[in-house]
Every structure is written in C-alpha cells, then in structure tokens.
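Let's work through a few exercises together, one step at a time. Have the structure open beside you and try each task before you read its solution.

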Amino acid sequence: MIEREIEVADYVSPSKLSDYVINPYVGCPHACRYCYASFMRRLTNHNELWGDFLDVKRCSKPLGKKRLTGKSVFMSSVTDCYNPLEAKYKVTRRILEELAPIECELSITTKSNLLLRDLDLLKARTRLFQRSATLFDESSQERRGIRVVSSINTLDEGFREEMDRASTIAERFDMLETCRSAGIPTILFMSPIFPYITDFRAIVDRAAPTVDAIWFENLNLRPGYKEDILAYIHARYPQYYQGYLAIYQRRDLSYWLALKEEIADYCERVGVSYQIMFHY
Ligand code: SF4
C-alpha cells in the first residue's frame with residue numbers, strides 16, 4: 001500500500017449526488033473489483049492498481065458552517081471514508097468533529113465497521129438534531145441529521161471476499177444494528193446487484209428488522225472492469241455467463257425490468273421501505 005499525505009484546497013465539493021460531497025481520501029484500499037470510482041486512478045495520475053494507493057487529504061480551509069447549513073452532505077462518493085487507514089489518520093473523525101454543530105443532512109456510506117469507532121459523535125449528532133427537528137421533514141430518513149448507509153449485495157462471505165477487502169457481511173450487519181439501536185437511521189444499499197448471484201429476497205429478509213430502508217442498484221460494467229468481471233463470471237459461475245453476455249454485450253434489459261417488478265412486489269409484501277435506483 002502506497003500512502004502519502006497531500007494538501008488540498010477544500011474538503012467539500014458540489015455534487016450531483018447531494019448538495020455537497022466530502023472525500024477525505026483519494027483511492028480506496030477496499031479495492032472492490034466493480035468500483036465505479038476506479039477512474040480516479042487515471043484522474044489523479046496514479047500508476048498503482050486501484051486499492052494499492054491512498055492519498056490522505058490535509059486541508060486548512062474550514063468546512064464552512066454557512067455554506068453547509070440546511071444542505072445535504074454525502075461522505076463519500078469516490079472513496080470509503082472508513083477505509084482501514086482511517087484508523088491511523090483519523091481524517092474522517094476530524095471532519096465529523098467539525099461538522100458536529102452544523103445543521104446539514106449528513107449521509108455516511110461505508111463498507112467498514114470502523115465507523116463504530118465514531119459512534120459517540122454520531123449519537124451526539126442524533127441527539128442534537130432531535131432537539132432541532134424543525135430543519136428536517138419528520139417523515140424523512142434525514143430527520144435526525146444523519147444516516148448511515150452500508151452496501152451489502154450478498155450473504156455469501158466467499159463471494160464477498162472475492163469482490164472486496166472491506167468488512168465482512170456479518171460485521172456490516174452488526175454495524176447497522178448497532179447504529180439503529182443507538183437511534184441512528186440506517187439504510188442497506190443493495191449495490192451492485194449481480195445478476196443471478198445476488199439473492200435479493202434473502203438479503204431483504206435478513207435486513208428488514210435492522211434497517212430503516214433498503215436501496216437497490218444494478219451492476220453496471222464500465223470499461224475499466226468489465227472484462228475482469230466477465231472473466232470472473234466465466235470462471236466461477238459459468239452457468240450464468242450467457243446471461244451476462246445478454247445483459248452486458250447485447251444490452252438486453254429484460255432481466256433488469258423483471259427484477260425491478262420482483263423487488264417492488266417483495267418489498268411491499270414484507271413491508272420494508274425501499275428505493276430502486278437502476279441505471280442502464
Ligand atoms: S468501498 Fe466504495 S470507493 Fe471503495 S473500492 Fe469499494 S466501491 Fe470503491
């Protein structure tokens with residue numbers, strides 16, 4: 001792992017995902033094989049493989065109470081703010097300390113249970129925003145000023161291990177349960193859904209008592225990792241290979257269209273709040 005510290009002008013960037021995003025690092029040691037953010041490697045002139053480098057951002061500019069108040073803030077969009085090196089550098093923790101008094105809608109997404117290290121800050125934020133509920137819609141997930149999102153697309157630890165270097169699935173569920181018990185809204189992000197492999201019903205059944213909502217996103221194969229994933233499917237799941245070629249070579253949408261309906265039916269039957277975010 002190549003680590004280096006870099007000085008940046010601002011931690012905060014405007015975004016299409018939310019009003020602002022904060023990425024405390026460049027790179028991500030979780031090294032998901034399907035990582036949509038791996039284009040950052042090229043963008044930041046890194047020759048190392050995605051997952052093998054981490055730039056630790058240092059910034060002297062304040063986050064800016066005025067610009068963030070009343071806005072949605074997303075941590076993080078092109079890294080995992082709780083990657084293992086956060087234990088050493090604590091950039092995310094320092095950012096959370098600075099965000100503590102700022103009334104913004106903060107979403108933290110992570111595949112790591114290192115987030116539990118900062119449970120004190122997350123709980124304090126929840127308590128603070130319960131007292132000033134006027135800012136947020138009472139019916140929304142953001143009403144407590146924060147929500148924790150974790151991606152889980154399988155219950156099979158073997159498949160997970162072949163896909164990423166983040167926390168185990170059991171640890172992610174434990175993290176969501178701990179947050180929920182502490183009064184922090186939680187979302188399970190079923191992403192990316194691997195055709196024929198992700199058993200969405202089993203994950204919904206496991207998650208329903210643990211989370212406030214489930215979001216669903218389909219697997220898109222971008223040029224940077226399309227070949228690798230298709231080769232993986234060919235080697236490990238040959239029975240699904242033709243199905244993958246139909247979706248990703250011949251652009252047949254029927255699998256996703258049918259799945260969307262199945263997900264909606266099932267979530268309504270189980271009574272879980274859900275959002276389907278499929279992109280083709
Ligand atoms: S955790 Fe997120 S940012 Fe990190 S490698 Fe995986 S998909 Fe990419």
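**Exercise 1. Decide whether Lys90 is buried, exposed or partly exposed.**

Solution. Start with the count: Lys90 has 16 C-beta neighbours inside 10 Å. Next, recall the cut-offs: a residue is buried if 20 or more other C-beta atoms lie within 10 Å of its own, exposed if 12 or fewer, and partly exposed in between, with C-beta atoms placed from the backbone. Lys90 therefore counts as partly exposed. Now find its place: Lys90 lies in the loop between α3 and α4 (91-99). Its phi is near 55°, a positive value in a residue other than glycine.

You are looking at a predicted model, in which local features need pLDDT of at least 70 and side-chain atom pairs count only at pLDDT 80 or more, while totals for chains, interfaces and linings use all residues. Residues are numbered from 1 along each chain as its sequence is written.

**Exercise 2. Find where Asn45 lies, and work out whether Asn45 is buried or exposed.**

Solution. First, the place: Asn45 is in the loop between α1 and β5. Helices (H or I, at least four residues) and strands (E, at least two) are DSSP runs, numbered from the N terminus. Second, the count: Asn45 has 6 other C-beta atoms within 10 Å, so Asn45 is exposed. Third, the backbone: the phi of Asn45 is near 55°, again positive in a residue other than glycine.

**Exercise 3. Describe the protein chain as a whole: how many helices and strands does it have, and how compact is it?**

Solution. Begin by counting: there are 11 helices and 11 strands. The radius of gyration (taken over C-alpha atoms) is 19 Å. The globule rule, 2.2 Å times the number of residues to the power 0.38, gives 19 Å for 280 residues, so the chain is as compact as a globular protein of that length. Along its principal axes, the C-alpha trace spans about 55 × 50 × 30 Å. Finally, 35% of the 280 residues count as buried.

**Exercise 4. Work out the strand order in the sheet that holds β1, and say how β1 is paired.**

Solution. Two strands pair if DSSP finds at least two bridges between them. The order in this open sheet of three strands is β1-β5-β4, with mixed pairing. Its edge strands, β1 and β4, each pair on one side only.

Now take the pairs in turn:

- β1 (residues 2-7) runs parallel to β5 (residues 53-58), with six bridges between them.
- Ile2 stands opposite Phe53, Glu3 opposite Leu54, and Glu5 has Val56 as its bridge partner.
- β4 and β5 are antiparallel, with two bridges; Val26 faces Asp55 there.

**Exercise 5. Which residues are around the ligand, and is Cys28 buried or exposed?**

Solution. Residues count as near if their C-beta atom, placed from the backbone, lies within 6 Å of the molecule. The residues found are Cys28, His30, Ala31, Cys32, Cys35, Ala37, Thr79, Asp80, Lys111, Asp164 and Ala166. Now focus on Cys28, in the loop between β4 (25-26) and α1 (39-43). Cys28 has 27 C-beta neighbours inside 10 Å, so Cys28 counts as buried.
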